[in-house]
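Please work through the exercises below with the structure in view.

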There are 2 protein chains.
Amino acid sequence: MLPRGRPRALGAAALLLLLLIGFFLLGGDPECERLEPDGRAGDLGCPRCPLTPRVPSDGRLRGASALHGDPLAGHWDHNRSACDPWPQLPPKCELLHVAIVCAGHNSSREVITLVKSLLFYRKNPLHLHLVTDAVARNILETLFRTWMVPALGVSFYHAEQLKPQISWIPNKHYSGLYGLMKLVLPGILPPGLARVIVLDTDVTFASDIAELWALFAHFSDKQVIGLVENQSDWYLGNLWKNHRPWPALGRGFNTGVILLWLDRLRQVGWEQMWKLTAQRELLTLAATSLADQDIFNAVIKEHPELVQPLPCVWNVQLSDHTRAEHCYSEAADLKVIHWNSPKKVRVKNKHAGFFRNFYLTFLGYDGNLLRRELFGCPSQTLPEAEQLQRALAQLDEEDACFEFRQQQLTVHRVHITFLPHKPPPPRPHDITLVAQLSMDRLQMLEALCRHWPGPMSLALYLTDAEAQQFLHFVEASPVLSARQDVAYHVVYREGPLYPVNQLRNVALAQALTPYVFLSDIDFLPAYSLYDYLRASIEQLELGSRRKAALVVPAFETLRYRFTFPSSKAELLALLDSGLLYTFRYHEWPQGHAPTDYARWREAQAPYRVQWAADYEPYVVVPRDCPRYDPRFVGFGWNKVAHIVELDAQEFELLVLPEAFTIHLPHAPSLDISRFRSSSTYRDCLQALKEEFHQDLSRRYGAAALKYLTALQQPRSPA
Amino acid sequence: MLPRGRPRALGAAALLLLLLIGFFLLGGDPECERLEPDGRAGDLGCPRCPLTPRVPSDGRLRGASALHGDPLAGHWDHNRSACDPWPQLPPKCELLHVAIVCAGHNSSREVITLVKSLLFYRKNPLHLHLVTDAVARNILETLFRTWMVPALGVSFYHAEQLKPQISWIPNKHYSGLYGLMKLVLPGILPPGLARVIVLDTDVTFASDIAELWALFAHFSDKQVIGLVENQSDWYLGNLWKNHRPWPALGRGFNTGVILLWLDRLRQVGWEQMWKLTAQRELLTLAATSLADQDIFNAVIKEHPELVQPLPCVWNVQLSDHTRAEHCYSEAADLKVIHWNSPKKVRVKNKHAGFFRNFYLTFLGYDGNLLRRELFGCPSQTLPEAEQLQRALAQLDEEDACFEFRQQQLTVHRVHITFLPHKPPPPRPHDITLVAQLSMDRLQMLEALCRHWPGPMSLALYLTDAEAQQFLHFVEASPVLSARQDVAYHVVYREGPLYPVNQLRNVALAQALTPYVFLSDIDFLPAYSLYDYLRASIEQLELGSRRKAALVVPAFETLRYRFTFPSSKAELLALLDSGLLYTFRYHEWPQGHAPTDYARWREAQAPYRVQWAADYEPYVVVPRDCPRYDPRFVGFGWNKVAHIVELDAQEFELLVLPEAFTIHLPHAPSLDISRFRSSSTYRDCLQALKEEFHQDLSRRYGAAALKYLTALQQPRSPA
C-alpha cells in the first residue's frame, strides 16, 4: 500500500527519525482521527485538529511569511497549532455523501459533467442526494438507472415540497428559488446522515473528493460548516454607487462547495438560526442578491465560530472579476473549479482557456468508461447490472452473431429531453412524430421542423462529445432554437451496431400525445400532414371505435434539391414526370407495394389494405402501440417486424388518400454497406428473423403461422 | 499550497506532536533530500533513504506482517530502516526526462496514448527522448510539431545507428531488435543528462510521473536502476518442459518501466557490464526470449546491489498469467498499467475491463485539451505557438467572419500515415489519388479501393475517438486491410468549419509519386483511369515538355445503386438514357461547363480548354503543383481558387478523351446546409474571395486582372 502523495520536505531525516521513535515510544493509535463508517467522528480521544499551515508545493518551507500568508494563497493560517498537517483520507470503502440541488433541463445537463468529474477521480463509494424539480428528476432517474455505475447510490428529494420553506425570501439571483434550497438541507436529508458535501452544479472536480471529505477531520467541536473564502470583492461593498451587499466576514465565503456537519447543525438549531437572521436582514435589505450565499454569510458574520475555512483550491472561483489567481498561481494542484459567473465557461479570464480544458475533458468524456468497479470494496453491483452481466456471460463468443446478440443486450445510457422542452398541451387527437438519428443526419432537422409543426420525439445516438456538438448545432439554428415542442433524447453510443429499434423505443416511450407518427429521419412529410392526420383521427373515431394504423404512403426523390409538392396533385405530376418515385421502387418494391399506389392515385377516402410479407409502411398509431423488437440492430427488418406485430394484434391498416411523405437522398449508411458486403451479417439477420418468428408463434399461436409461411415462400416481384 | 495527498493515520496525534517538537529541536533542513535542477542529487549531507515500509491505504498499520509482506502487495520491505516514508515530489518546475524506443506505424500510434496519459497527469515540464526508426520519426516529428504542447520538449535519436551495437544478440521477442535498444540508452542520451525514466510504448499512466521521478531520491549511492518485480512466474522456470529462462533474482524484474541513473551507469561501466553478461549467457542460451529484460535480469542477478526495487503499482503487468492481482487488489491507487501481453488490451484477465477503461480514456481523449500551460513555471511557449497566439489575438471577435478567419489560422494536430503504409516503388509516371474526408464518408473507401488500384493519400478529419473507430473500420474490412499503398493521414478536428483546403494540402504533401490526381471522396473513377492516366502522362510527355493539368471529366448519378459503366461508350449510353448527368448539371453547371462535354463525346485525342469563371474540374498535375488556399474553409470556392492558381501559373488545361469519374449521391454536408441557410456564411465567402483576388493581383500583377473581371461579371448560364 502506498500513500497517494507526499508532503514536501520537512527536514525529512530529522522528522522521520522522530516519527519512528515516537511510534515506538508512545505507541501510535492507528484508529486515531478515523471517522466511523456511519459518518460520525470516532470519539477515541484524539485531539481535534484545526487546519494548520500547509507545506508549499515546491517542497520547501519558506519561513514565517508563508505560514501566515494570505488564505487565498493555498494554505491557511486559522487556528494554527501543533497538529496534523496531512489531512488523512477516509477509509478506502467509506461511503461519501454529496448533495446537489438541480432543476430544469440545462442544470440537468450541467450536473452530469460535475458527476463525471467526481466519478473519474473518486476511489470511494458515493451517494448522491439530489434535490430536483419534476423535470430534472425525470431526466436524472432515467440517466442513473441506465448508467449503472457501481458503488454509486442516488436519492431524490422533491424541490417542490421545499418551496414553502424558502419562498418568503425575495431573491434576485439567477438561480431563483432553487438557489436558496441548500439552506434547508439539514432538515430534509435523512436524520441518520451526519455529514455531507454540498455542491453547486457548476463546479468541476480535478481531484478525489475523498480529499475534501478528509477536511471534516479538522472541524473543531463547534464548527459545523466548511467553506472557501470568496474570491471576489462583492461583500466588501462599494463596487458601485449604492452597492450594499449582505453582511459578511471580510470577503465572505462562497457556497458553491460546502462541508455540512448535519447532526451538529441540527443540534445548534440551524433552521431557527438562518431564518431569524434572514428575517432581520430583510428588514433593511430588499432581497438576497446571491441567494443562499447571502444568508450563509450573514449567519457566519453573527456566529463566526460555526465556520471552518477551507483551502482556496477547493473552490477556485472563475467569475469575471475574480481574485482566484492569488490562489491558483501558487498552487501546484487545483482541486475544484467553480464556474460561478452567469457566463459559465465563456467567462472572460486570462486563464479561462486552461480551466476550460478541465471542464471540456469531462464534458466530452465517455461516461460508459465510468462504469468501473471499485477494487477491494464489497461488491456494489446493482441487481440489474448483475442480471445483465449474467446474460452477457451466457453468450457464446464464437457464435458468428455474437455482436448482434451482445448489441441487443446492451443497456445504453439515456439522457431524455437533453435540451429544454415544453410538453404539448393535452389535446385528444394530437400526434407526435417519432424518429431516430445519429450525427450524419443532423442536417435533416431544420427541414423536418418546417414540414412538421407539431410535437416530435427524437432519439439521437451519440457519443458524449457528439452530444455537445449537437447542442451547439441546435443553438446555432434559429429554426431549431425556436421549437420547444421537439424533445431530443440522447442515447449514448456503445457497441458496433446501430441499435435502431432500441432508439425507436426510447423516442416512442417519451411521446406525450395520444397518437404517434412512426417516421424515419430522412423523410419529409407533406406540409399539411400534421393537420390532416389529426383531422383523420377525429373523423375515423380512432380513439374509441377502431383499432387501426393509418398508413402514410411513402415516395422518394433522387435529387438533392427539388421543390416539395404542396398537394397530392403536384405530387402525382412529379411522379408522372419521373422526378419522384414510390419509395424504394428500384431496390425493394415489396416494402411498400401493399400500400397499393395505383389505388391511392384515385382514392378519395381511406381504404383498408392487407398485410403482406416485408411490408413496412410509415404509420400513425396510438402511443401505447407495441414496442419495436430490440433484437433487430443494424440494418434490416427492424420496421417489418413491427408491422407484423401490429397485424398480429389486429390493427387495421388504413391508407389515407391525402397523406404522403417523401424520402430525401443520402449516402448509404455504414450498416447497409456492411449488410451488402458481409455474408455473416446477412446470415445473422436471417437467424434473428427466425428467432423472431419462433417468439411470435409462442405469443400468438396458430395466428402467427401466416407470417412464417410468408417468410418461407420465394419472393414474387411486387 | 497544499500537499497533494496524505498518508494514512500513523497515530496522528503522537506523530505530529513529535514532528513539530523535532522540527523545533533539531531544526529541519528544508533542502534535505531535494534534487538539484540539473537532475543530480543535492549532496547536503542528508542520509540516503532506501525504500521503507508503506502505510496501507485503509489508514491503519496492520502489524509486522504487513510491514514484511509480499513486495507484490504494494509496499516493499527491502532495506527497511528509519527513513522518509513519504517520497517527496520534485520541485514544481523541474524538467523530467523520459526515454522511449518506438518503431513503425503501430508503435507510433500506441506511444501517443502513453504520452496523452503522461501529459494528463503531469504537472512538471517534460522532455521526451525518442529512439525511432525513420517511419516513427516522420510521424512523431509532424505530430509533436503540430500538437504544440507547452512545456514538452522532444528529441529524436536514430534507431538505425544503434543497430550495430545490439544486432549480434539473437532475440526471439516480438519487439525484435528495437526491444534491445534500452540497453544502450546510457551511451546515446546526452552526457549531461543524469537521470531518465525509460518506458515501453505499451504502458498507461494513471498518476503524475513526478511521483515516479521522486523515487530516485531513494536510491542508495550504489543503486543505478529502479525496477518493479516481475508479476509472472517466467523467470522461476519450469513453466513447461525444457523452459529455461535467463538467470534472474527470484521472479526477476520487468523492464517496461525503468528508472535509470545515467551518470552512475556510465561510471560503473554499464556498457562493458551488460555486454559481458550477455556474451557469457549466450554461450549456453540460444537467444533472448524477452529482449532487453533477459539481459537486465542477468546483470542484476550478478550485481544485485545495482537495483532499487520499486513498488509494484508503478508497473502493474497485465499479461495472461499475471500475478498482478496481488498488487492491485490491496492498492488504493494504481500508478502505471503495463499491457505486456502480445494481446495488449485484448488480454484475458478478469479485471481487464477495469484496466481497459483507463486505456480507453486516453485513447479517445481529445489531445487538443493537453495544449495547456503549466502554471507558475517560466513560459514554455514555443515560438510557433506564440506567433499563432499573436495572429489569433489580432482577429476582431466582432467581425462577422471571425469564425472563418480563426479556422484558417488553426494549426491542427496531424498524424500522418496513421495505419501501416508501404510507399509505392519509384516509377516515373505514377499517380497518387489525393482526397479528404470525415467520418460520414468512410463507406466510400472500399468502393474507391476497387476503382483505383494505385497509391492514394487521404486526409481524414477526425476526433481522437473517431480515429479509433476508423481504425476498427479498416481492420474489419478485408478490402481495406489488403491495401498497403493507401496512406491515411489523420487531421484532428478543431473549430466549427471544415478546413477542406488544409486537409487537401496535408494529403497532397504526403503524396510520394511524381503526379497526383486531385479528387474528392464522393467520386468513383473509371476502373481503367489509373492505367489510362499513366499512359497519357507518358504519351503527352508531361514531365519534360508540357506544363499541363489533365482534366478528368466529371459526371453524377442520382441512384444509390447503379451499374458503373465499364467504358466511355457505356457511360454515354447511360447519359443518353438519363441515368447519368454531367456533374452538378442541375445546380451549378458553370463549375464544369468549360470541360465542353459535347466536344468530349466525340473527342479521340486530348484537347485544350480555356479557363472560365467558377471552373473546378478534377485534374492530374505534378506533385509540386501549387497548394490549395487554406483561407477557404467550409463550403464554397475551395477548388475554384486552386484552378485559378493553376491557370495563373500557366498550366495548360487538357481534357482527356477516355477519362471520367462519377459522383455518387449523398445527403448535403452540414457546411453546404449552413451556406444555403446563412447569409453571413455567404457574405464571408464573398469577402474571402475578394481577399483572394487581392492577393492574386499582388502575386501575378496585371495577369490576374482577368480573374477579377470574371468575378465581377454577372453569371451567364453555362
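This is a predicted model: local features need pLDDT of at least 70, side-chain atom pairs count only at pLDDT 80 or more; totals for chains, interfaces and linings use all residues.

Residues are numbered from 1 along each chain as its sequence is written, chains are lettered from A and ligands numbered from 1 in the order in which they are written, and side-chain values use heavy atoms, without hydrogens and water.

**Exercise 1.** Determine the span of helix α24 of chain B and what follows the helix.

*Solution.* Helices are DSSP runs of H or I with at least four residues, and strands are runs of E with at least two, numbered from the N terminus. Helix α24(B) covers residues 679–700, 22 residues in total. From first to last C-alpha, α24(B) reaches 31 Å, close to the expected 32 Å; the expected span is 1.5 Å times one less than the number of residues. Next comes B:Gly701, with a positive phi near 65 degrees.

**Exercise 2.** Describe the open sheet of 3 strands in chain A.

*Solution.* The order is β5-β10-β9, with mixed pairing; strands pair if DSSP finds at least two bridges between them. At the edges are β5(A) (203–205) and β9(A) (316–317), each pairing on one side only. Strands β9(A) and β10(A) (336–338) are parallel over 2 bridges, and A:Val316 stands opposite A:Ile337.

**Exercise 3.** Is B:Glu94 buried or exposed?

*Solution.* Buried means under 20% relative accessible area, exposed over 50%, partly exposed in between (1.4 Å probe, protein chains only). B:Glu94 has 5%, so B:Glu94 is buried. B:Glu94 lies in the loop between α2 (64–67) and β1 (96–102) of chain B.
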